[in-house]
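This report describes a protein model by its backbone geometry, its sheets, its disulfide bonding and its pockets. The sequence and the structure come first.

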Amino acid sequence: MTENVAVHWHGIRQIGTPWFDGVEGVTQCPILPGEVFTYQFVVDRPGTYMYHSHYGMQRESGLIGMIRVSPPVTEPEPFSYDYDRNVLLTDWYHKSMLESATGLASRPFKWVGEPESLLIQGRGRFNCSNDPGLLSRACNASNADCSRFVLTVIPGKTYRLRLGSLTALSALNFQIEGHNLTVVETDGHYVEPFTVKNLFIYSGETYSVLIKADQNPSRNYWITTSIVSRPANTSQATAVLNYYPNHPRRRPPTPESSNLQPKWNDTRPRLAQSLAIKARRGFVHTPPENSDRVIVLLNTQNEVNGYRRWSVNNVSYLHPKTPYLIALKQNLTDAFDWGFTPPENYDSGNYDIFATPQNVNAKTSDGIYRLRFNTTVDVILQNANTMNAKNSETHPWHLHGHDFWVVGQGEGKFNESEDPKRYNRVDPIMKNTVAVHPFGWTALRFRADNPGVWSFHCHIESHFFMGMGIVFESGIDRVSSNLPSSIMGCGQTKR
């Protein structure tokens, strides 16, 4: 009864209902404690999606879940399976979201640290000897809640596993001992099938993989997920693939570490997987040949008045007190910085992405990018060194209200004259979340064809909280002026 809330329907484009996207400060005021708020929207295409809190860093407290949208019976899927299962991957902190947020917003800066555990479908384990205080008051390994997640399969059957990641910080690697994973869908779009032993998945992404229960049926097998792209200070999470009729609690005969984990700092296999994802033949949505506008976004770590921040083109995002959607429709010109348009590029000729920033100072702003409706926009995400020497982090960027084509990814600095010549304009995958790898770049293309105001941000909770995000507006004149009264009540909407 002490926290506000807003719920985002991750991957649902909210066509015609931009006010129900569920982003506090962008499309609505927060829902106050004790209030009832009804979200009503259309799911316009099949696929695997998610929902989660979009208020501060509240998502990491556990308000999360998955959404499965089935296709019409007249539109069969291009692959077959016997059973359909969800597997949601998350990380878990012992300290509260409020404590973490307070540290990030403090001077001196206090980092949230690495998560204590990883969770598979809400279940995980923690070595209580690492925390004597916890051992005395909360540790009970015999508690039923401490049991691992069990996925029971029938020998010879094929299973579609819908994997989703809503981690607060961690990039993950997912494996099933002795089984191949055939990737067939991501973020609601069919993938030209390819097979992997382990799947890299970033916060905000969904994948459908097919597995065949074709191994020795007399035993069970380990399901594991571990952290990549950060030092492996958090133990892997384990679950059990249970071959019926073996007992679900029967421990696999192999060690939990049987699944060979990739090196946490080896970017090459992760970039290779990103480049391998193509749209499935027969389901390709061809992108426009050229774009009308190119926005290059440099991701950097900075300071503003001694506070540690993340920035985009040296501008760190601030949430307004009055939601943009309402301010724009009601012409509340002093609700945010209408006069400031964030930079569309950076000094790429002189900026060294491999060095710590020479000038760490940035500015904060709640200014937004205004896009001409129905135009094609290219966004280049350029990664760089943080304020720590020889360090660059993985950033999964999520776009609200749209899907985009992933037309290119690469290592090093994006070359604005040469790299576009190598864009995939033939069969690029469409997604709503994509990673930009350490010291690398990612190019995406989208049509600004959904009227509204849409957030575009790093899906790592602490990074977005610290300013790594921007906002796009397009076609606001096409949005109904009859906004629901339920989204109002904060900032200047009080009147």
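In which loop is proline 108 found?

## Basis and backbone geometry

Proline 108 is found in the loop between α1 (97-104) and β5 (117-120). Here helices (H or I, at least four residues) and strands (E, at least two) are DSSP runs, numbered from the N terminus. The model is predicted, with local features needing pLDDT of at least 70 and side-chain atom pairs counting only at pLDDT 80 or more, while totals for chains, interfaces and linings use all residues. Residues are numbered from 1 along each chain as its sequence is written, and side-chain values use heavy atoms, with hydrogens and water left out.

The peptide bond from arginine 107 to proline 108 is cis, with omega near 10°. A cis peptide bond, also with omega near 10°, leads from tyrosine 244 to proline 245; proline 245 lies in the loop between β14 (237-243) and α3. Aspartate 187 is not a glycine, yet has a positive phi of about 50°. The loop that holds aspartate 187 runs between β9 (181-186) and β10 (189-196).

## Sheet β6-β14-β13-β8-β11

Five strands form an open sheet in the order β6-β14-β13-β8-β11, with mixed pairing. Two strands pair if DSSP finds at least two bridges between them. The edge strands, β6 (150-153) and β11 (198-201), each pair on one side only. On average, neighbouring strands of this sheet are turned by 20° against each other, direction ignored. Axes are lines fitted to C-alpha atoms, for helices over the stretch in contact, and angles run from 0 to 180 degrees between N-to-C directions.

Strand β8 (residues 171-176) and β11 run antiparallel and are joined by four bridges. Leucine 172 stands opposite isoleucine 201 in β11. Helix α3 (residues 268-276) packs on the sheet, where it touches β11 and β13 (221-228), and its direction makes about 85° with that of β11. Contact means heavy atoms within 4.5 Å.

## Sheet β19-β27-β26-β21-β24

An open sheet with mixed pairing has five strands in the order β19-β27-β26-β21-β24. Its edge strands are β19 (369-371) and β24 (433-436), each pairing on one side only. Neighbouring strands here are turned by 25° against each other on average, direction ignored. Six bridges connect strand β26 (residues 452-458) to β27 in the antiparallel sense, and phenylalanine 456 stands opposite isoleucine 470 in β27.

Phenylalanine 439 is in the loop between β24 and β25 (440-447). Leaving out residues up to four places away in sequence, phenylalanine 439 touches Ile353, Phe354, Asn383, Ala384, Asn385, Lys390, Asn391, Ser392, Glu411 and Gly412. Phenylalanine 439 and glycine 178 are 33 Å apart in space, C-alpha to C-alpha, and 261 residues apart in sequence.

## Disulfide

With a disulfide taken as a pair of cysteine sulfur atoms within 2.5 Å, the count comes to one disulfide. This disulfide joins cysteine 29 to cysteine 490, at 2.0 Å from S to S. The torsion about the S-S bond of cysteine 29 and cysteine 490 is about -80°, so the disulfide is left-handed. Cysteine 29 lies in the loop between β1 (7-10) and β2 (47-53) and cysteine 490 in the segment after β27 (469-474), so the pair ties together parts that are 461 residues apart in sequence.

## Pockets

On a 1 Å grid over the protein atoms alone, a pocket is an open set of points where a 1.4 Å probe fits, with protein on both sides within 12 Å along at least five of seven lines; lining residues have an atom within 4 Å of a point. Grid points are joined across faces, edges and corners, and a volume is the space filled by probe spheres set on the points. For the linings, Ala, Val, Leu, Ile, Met, Phe, Trp, Tyr, Cys and Pro count as nonpolar, Asp, Glu, Lys and Arg as charged, and the others, Gly among them, as polar.

The largest pocket holds about 580 Å³ of space. It is lined by 19 residues, and the closest to its centre are Gly124, Arg125, Phe126, Ala138 and Cys146. This lining divides into nine nonpolar, seven polar and three charged residues. The second largest pocket has a volume of about 500 Å³. Its lining has 24 residues, with Arg13, Arg45, Gly188, His189 and His285 nearest the centre, and divides into eight nonpolar, seven polar and nine charged.
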